[in-house]
Amino acid sequence: MERKYVIGIDYGTDSVRTAIVDAANGKIIAVSEKKYERWEKGQYCNPLKNQFRQHPQDYIDGLVFTVKDALSQCDSKVAENIVALGFDTTGSTPVLVDEQGIPLALLPEFKDNPNAMFVLWKDHTAIEEAEEINQLVKRWDINYTKYMGGIYSSEWVWAKVLQLLRTDASVREAAYSWVEHCDWMPALVTGNTLPNEIKRSRCAAGHKAMWSEEWGGLPSEHFLTSLDPLLGGFREGLYSETCTSDMPVGTLSQEWAQKLGLPSSVLVGVGILDAHAGAVGGGIKEGALLKIIGTSTCDIMVVPKKELKETLIPGICGQVDGSVLSDYIGLEAGQSAYGDIFAWFKSILVWPLMFETEKERRKIEDGILERLSEEASKLQVRRDDMMATDWLNGRRTPDANPLLKGSLSGLTLGTTAPMIYKALVEAAAFGSKAIIDRLLEHNVNINEVIAVGGVAKKSDFVMQTLSNVLNLPIKIASSDQSCALGAAMNAAVVGKIYDQVVTAQKEMGEAIEKVYVPNLEKNKVYQENYLKYLNTI
């Protein structure tokens with residue numbers, strides 16, 4: 001019997017990665033990655049305004065390149081035996097579309113208009129709109145944010161869509177509906193992007209769009225038009241039903257089968273947000289908090305429905321039935337910046353430096369954080385250490401507040417770069433502890449922490465500090481492609497290789513490569529310094 005394969009396609013903040021996976025054992029046999037060309041050049045973004053946009057053409061180009069490149073690394077028989085593929089993407093990353101479901105930026109008249117592009121998860125241009133949603137919810141007879149931690153974020157879809165409609169009359173006139181990135185990719189490759197017919201992700205809808213079966217789907221037309229008449233009619237062009245990500249959307253269209261070099265019989269699964277896919281790939285299970293640590297963090301848990309019962313956990317990013325694993329409530333929290341904080345500090349340090357070549361620049365830049373970590377790890381942990389807060393991109397959880405800013409206090413003329421870096425790493429860890437404390441306060445059982453993602457894999461100092469602050473062991477999953485692997489596990493269920501995702505996890509799951517154990521003496525000091533961190537709020 002010939003081996004069967006699945007593909008996981010992971011759209012991250014900076015690039016798209018395609019992994020071809022042996023469905024029998026989870027072995028990744030080929031990986032390809034492509035940076036978003038326009039994004040890498042800084043096009044259509046304005047960090048000073050918290051504007052971060054991505055062009056749909058970058059997503060298309062990345063898909064074609066990485067799938068074909070990954071296939072080129074395999075025996076020709078592999079392509080013939082690929083059964084299914086799954087997508088994960090960042091989110092909430094929506095785009096306005098026309099009646100055919102085409103993102104407006106793919107139309108000639110909007111090709112260079114940032115408001116016609118995908119609004120990346122970390123875009124915070126909709127702070128005012130989010131606050132208006134929160135104020136209206138307080139006055140409404142239905143609490144549409146009750147399963148979203150009670151606070152709607154500027155990172156989420158309705159705030160972003162409203163901000164676009166208010167900002168740009170041209171896109172307002174052309175827009176018929178909106179679609180999340182994780183929903184558009186499966187729709188695109190199966191050949192049906194009609195907004196009313198796209199199968200929408202339970203994960204994205206429940207955590208980002210105020211969707212719940214309890215009130216019949218999305219917020220009512222009355223609610224949306226009370227928020228702003230500009231939203232009138234949008235609900236009609238959207239959805240009431242959602243699907244878990246172990247369900248099929250359809251098979252590849254002939255056009256896309258040819259573009260990708262795959263059989264048209266390949267099944268395509270419903271999309272999922274990248275953090276939730278990473279949780280699946282990283283081995284999420286009852287009692288485990290899974291942290292995806294990269295540019296930002298997402299903290300994911302699954303809790304049996306009978307255990308959570310009627311409990312509503314305030315200040316997190318949602319509790320949604322089936323958003324991670326079909327038979328569990330998925331909990332999401334996270335920090336708006338983590339690795340981004342360290343990247344910011346690196347950019348501050350290299351700003352005045354001049355380089356003769358790009359190769360020289362990259363060599364210097366790539367070594368800075370490693371050198372900082374080396375020196376910071378030698379520093380003692382003291383009660384009078386300088387303090388930092390981690391809100392350089394606002395605070396996602398607990399209790400979303402995009403207006404918060406990062407800070408440093410306790411600077412002296414003796415403060416060094418490693419000291420500042422140490423304070424920033426500790427602040428990021430304190431932000432993680434605040435999330436865990438919120439979950440524990442509401443009787444969510446946490447037995448272990450599993451970490452995946454770039455920062456988790458690359459920085460011993462950051463992870464050891466996190467373990468010391470949390471006073472918990474942290475297990476590092478071995479694969480550096482947990483999100484793509486999770487999408488592939490979902491695809492294995494879509495392709496009927498396994499009956500459910502937990503079975504796919506057992507057969508395709510990855511090992512733990514390292515465990516960080518907390519230093520109890522440092523934890524005693526961190527307990528006191530953590531209280532100082534909380535007092536800055």
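## Helix α18

Helix α18 runs over residues 482-494, and at 1.5 Å a residue its 13 residues should span 18 Å; the end C-alpha atoms are 18 Å apart, so the model agrees with expectation. This is a predicted model, and the values here are computed from it. How much of α18 is covered? The helix is mostly covered, with 13 of its 13 residues buried.

For background, most residues other than glycine have a negative phi.

Helix α15, residues 417-441, has 25 residues. From its first C-alpha to its last it reaches 36 Å, close to the 36 Å expected at 1.5 Å a residue. This helix is mostly covered too, with 20 of its 25 residues buried. Asn-443 follows α15 and has a positive phi, near 65 degrees.

Helix α4 covers residues 127-139. Its 13 residues should span 18 Å at 1.5 Å a residue, and the end C-alpha atoms are 19 Å apart, which agrees. Which residues of α4 are buried? They are Ile-127, Glu-129, Ala-130, Ile-133, Asn-134, Leu-136 and Val-137. As a general point, an α-helix has 3.6 residues a turn, so residues three or four places apart point the same way. The cover over the buried residues of α4 includes α5 (157-167) and α9.

## The second largest pocket

Elements giving two or more residues to the lining are α8 (202-208), α12 (305-308) and β14 (319-321).

Which element gives the largest share of the lining? That is β14, with 3 residues. Sorted by class, the lining of the second largest pocket has 6 nonpolar, 4 polar and 7 charged residues.

How many disulfides does a search of the whole structure find? The search finds 0. Cys-203, for instance, is in no disulfide, and the nearest cysteine sulfur, that of Cys-182, is 6.7 Å away. Cys-203 is buried, with a relative accessible area of 2%.

A pair of cysteine sulfur atoms must lie within 2.5 Å to count as a disulfide. Cys-317 is also buried, with a relative accessible area of 0%.

## Backbone details in the loops

The peptide bond from Gly-91 to Ser-92 is cis, with omega near 10 degrees. Ser-92 is found in the loop between β5 (82-89) and β6 (94-97). Another cis peptide bond joins Thr-397 and Pro-398, with omega about -5 degrees. Pro-398 lies in the loop between β16 (387-389) and β17 (407-409).

Positive phi values also turn up in loops. Met-210 is not a glycine, yet has a positive phi of about 60 degrees. Met-210 sits in the loop between α8 and α9 (221-227). Is Met-210 buried or exposed? With 1% relative accessibility, Met-210 counts as buried. Asn-471, also a residue other than glycine, has a positive phi near 60 degrees. Its place is in the loop between α17 (460-470) and β19 (474-477). At 34% relative accessibility, Asn-471 counts as partly exposed, because that label covers values between 20% and 50%.

## An exposed loop residue

One last stop is Glu-236, which lies in the loop between α9 and β9 (248-251). Glu-236 has 66% relative accessibility and therefore counts as exposed, since the cut-off for that label is over 50%. How far apart are Glu-236 and Ser-177 in sequence and in space? They are 59 residues apart in sequence and 8.7 Å apart in space, C-alpha to C-alpha.

Definitions and conventions. Residues numbered from 1 in each chain as written. Predicted model: local features only at pLDDT ≥ 70, side-chain atom pairs only at ≥ 80, totals over all residues. Heavy atoms only, no water. Helix = DSSP H or I, 4+ residues; strand = E, 2+ residues; numbered from the N terminus. Nonpolar A, V, L, I, M, F, W, Y, C, P; charged D, E, K, R; others polar. Buried < 20%, exposed > 50% of the residue type's maximum accessible area, 1.4 Å probe, protein only. Expected span 1.5 Å × (residues − 1). Contact = heavy atoms within 4.5 Å.
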